[in-house]
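Thanks for taking a look at this one with me. Please open the sequence and the structure side by side, and then go through the points below.

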Amino acid sequence: MTLVVIQIVVVALLFVNCHSFATADTDPSDASALRVMYSSLNSPAQLTNWNSSDSSDPCGESWKGITCSGNRVTEIQISGLGLSGSMGYQLTSLTSVTNFDISNNNLGNQIPYQLPPNVQRLNLAGNGFTGGLPYSISQMTSLQYLNVSHNQIQGELNDMFGSLSSLNTLDISFNSMTGKLPQSFQSLTSMKKIYLQNNQFTGNIDVLANLPLDNLNLENNQFTGGIPQKLKGILQRSNSNTGSSGPAPPPPPGTTPANRSSTQNHKSGGNGSPSSGGGSSGRNEKSGIGSGGVAGIVLSVSAVGAVAVFFIIKKRHRKSSTDIEKLDVQPFSLDSQEGQEMTLSQNSSTTSMKAVETPTSATLRPPPINHHKSFDGDTISAKPIVPQNKTHTAQMNVVQYSFADIQMATDGFSVKNLIGEGSIGSVYRAHFDNGEVLTVKKINSTEPRNPEVFLNMVSDISRLHHPNVTELVGYCSEHGQYLLIYEFYRTGSLHDFLHQTDEENSTRLTWDSRLKIALGTARALEYLHEVCSPSLVHKNIKSENILLDTDLNPHLSDSGLANLVADVDQGLNYNTGSGYSAPEAAISGKCTTKSDVYSFGVVMLELFSGLKPFDSSRPRSEQSLVRWATPQLHDIDALEKMIDPALDGLYSVKSLSRFADVIALCVQPEPEFRPPMSEVVQALVRLVQRANLSKRLHGIDQD
């Protein structure tokens, strides 16, 4: 009888546990995105219950700031926690998130292209972001509230608001944005509140004339022209709100919650993020526009006041955040509880301005990320098993191999194991006793010059984790020999697929496979340029350095080795006919992220045509692929003649044209006109989505 009771109890407990697990388990894509985000944020202790392990469960374990509905994550609210690093690269998979608030932290760098696509409230204020607004925001058709105030966003505001008809609050105040207001502002038919103050906008404000606004702040810009009649009443109402009931600006980035006022009457959720009423701009601010015209905005403070503010801010930059809170500067009144707002009186009219601590850009390199999925959801190769006789380094998540073991695994660096040779060194296949196969890059003896330089480089590379970047497994530094050990891809490189005579390889690269390779490689470069902090220039983008796994997912090799690639080598490579180097790199010998974009455009052209970037066996006018192809990239008839004949007509003509448009942007001779990689990724994502939709709906060229 006792045995029966025990069995019943055990079964009941198993049922309860299984039921609990089933109901609490988070959607795998959501859980993976948050784990990557946690690692990218340097695994901060203040994110209680967060964990990067594969078994962690954000919804079931009540992760701080995470709200779920069923097994889907619906809200992420982690404002004002002093977070640093980056947001990761999988946020686009968080398709159920409607509220994303990561304001008032220390994220710095550029706002990533990857953001939750269906978000309704997006608050990125007070993070020290630089660069511009990612174009992905233009596709957030459900967006109602957007706050990117108190950052260091630069450049013109792109014409990207045409599909944001649900947006009712826009706060881009306290940045360094220039140029005219975009015409697509006219499409913001739900817009109630716009805060543009403290930028450098120019031109007129006519695009705002017919919006259903009830709050508008334009002060401290360089607008010209008259005020549309419909806006005069709105500006007058804004001027009448002189009380202190408006929402306060966000505190300076890096201010910890303990150092802030415990009374947050004007901030939503008590977390320092602005309320939906007005973001960080504050309804109590004056519009700064008189009835005589917009030109008066330029004169916001007197010359004496401006000089005084300059020295105050300069002095404040020398203080620590603790000193800043204690600072008492006369004659101005600083109130740290209200975002350190200054009010200056100028003659009979009052204008307000805010001095915000300029955040120091984060200089941390990307932390290790526990990833198992590529962007397309394909499983990537697992890390090789660590040999039992190897020792892990204390500060690097890689393995230190002995030179003797590497010699044995490569059969004394024999020719039969030689995979290839380049300007950095030779690459070998290594077979270890436990059955694993790895790639060994034996660096030329002239570089690096000492072990410390090499170990620093290994430490940096070991922190690069992305599904489309080759994974560093280990290293060896003995007897003046420097070796890097990577994952091994039996399938070979993109160059092998495109240019070797193996018929099977060329036919396997369908048009869809080529799109997939282009997109994956673009994402790898976007990660290096726009997610890593500081940005990493690759300097050696070519088809030989794009390795393919068995599913034809691309993996960019040689990332982080730019210091070993002499700048002049790029120029020499260009002059001797490699065809990958940008014109300015060939002339100056210096490489930048823009020259990487050019090289990527050449790889795309290689994918498109199946031709080598430079081929001396072709007629002289066709030897340089870029020179030959560029004039024809917008001619649909010419494109069909240029396409790789191995595709045998199995492609969409419209897809060809769109692919060629991206190539044309990337290989422009002027580097300033080439797009950032985030925009290239966005264009390729749209292209792939259209191709997939066309295939599902019609099976023919209907995209």
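Is Asp411 buried, partly exposed or exposed? Asp411 is partly exposed, at a relative accessible area of 45%; buried means under 20% relative accessible area, exposed over 50%, and partly exposed in between, with a 1.4 Å probe and protein chains only.

Before the points, a word on the source: this is a predicted model, in which local features need pLDDT of at least 70 and side-chain atom pairs count only at pLDDT 80 or more, while totals for chains, interfaces and linings use all residues. Residues are numbered from 1 along each chain as its sequence is written, and side-chain values use heavy atoms, with hydrogens and water left out.

1. Asp411 and its backbone. Please check the phi of Asp411, which is positive at about 55° although the residue is not a glycine. Most residues other than glycine have a negative phi. Asp411 sits in the loop between α6 (403-409) and β19 (418-421); helices (H or I, at least four residues) and strands (E, at least two) are DSSP runs, numbered from the N terminus.

2. The loop between α10 and β24. Ser533 is found in the loop between α10 (511-531) and β24 (546-548), and Pro534 has its place in that loop too. The peptide bond that leads from Ser533 to Pro534 is cis, with omega near 0°. Most peptide bonds are trans. Ser533 is buried, with 11% relative accessible area. What is the distance between the C-alpha atoms of Ser533 and Ser86? They are separated by 8.4 Å, although the two residues are 447 residues apart along the chain.

3. Lys539. This residue lies in the loop between α10 and β24. Lys539 has a positive phi, near 75°, and is a residue other than glycine.

4. The disulfide. How many disulfides does a search of the whole structure find? The search finds 1, where a disulfide is a pair of cysteine sulfur atoms within 2.5 Å. Cys59 and Cys68 form the bond, with an S to S distance of 2.0 Å. The torsion about their S-S bond is about -85°, so the disulfide is left-handed. Cys59 is buried at 18% relative accessibility, whereas Cys68 is partly exposed at 27%. Two further cysteines to look at are Cys476, buried with a relative accessible area of 0%, and Cys532, buried with a relative accessible area of 0%.

5. The strands around β21. Why can strand β21 (residues 437-443) be called largely enclosed by the rest of the structure? The reason is that 6 of its 7 residues are buried. Strand β20 (residues 425-431) runs antiparallel to β21 and is joined to it by 7 bridges; two strands pair if DSSP finds at least two bridges between them. Ala430 stands opposite Leu438 of β21 in this pairing. The hairpin of β20 and β21 has 5 residues between the strands, and Gly435 there takes a positive phi near 100°. β21 also pairs with strand β23 (residues 481-487), in the antiparallel sense and over 5 bridges. Here Thr439 has Tyr486 of β23 as its bridge partner.

6. A parallel set of strands. Strand β8 (residues 176-179) and strand β10 (residues 200-203) run parallel and are joined by 2 bridges. Gly203 has Phe223 of β12 as its bridge partner.

7. The α13 and α16 helix pair. Helix α13 (residues 593-609) packs against helix α16 (residues 653-666) at an angle of about 150°, with the axes 8 Å apart; axes are lines fitted to C-alpha atoms, for helices over the stretch in contact, and angles run from 0 to 180 degrees between N-to-C directions. α13 is therefore roughly antiparallel to α16, the term for angles over 145 degrees. Residues in the contact (heavy atoms within 4.5 Å) include Val597, Phe600 and Met604 of α13, and Leu656, Phe659 and Ile663 of α16.

Terms used. Parallel < 35°, antiparallel > 145°, perpendicular 65-115°, else oblique.
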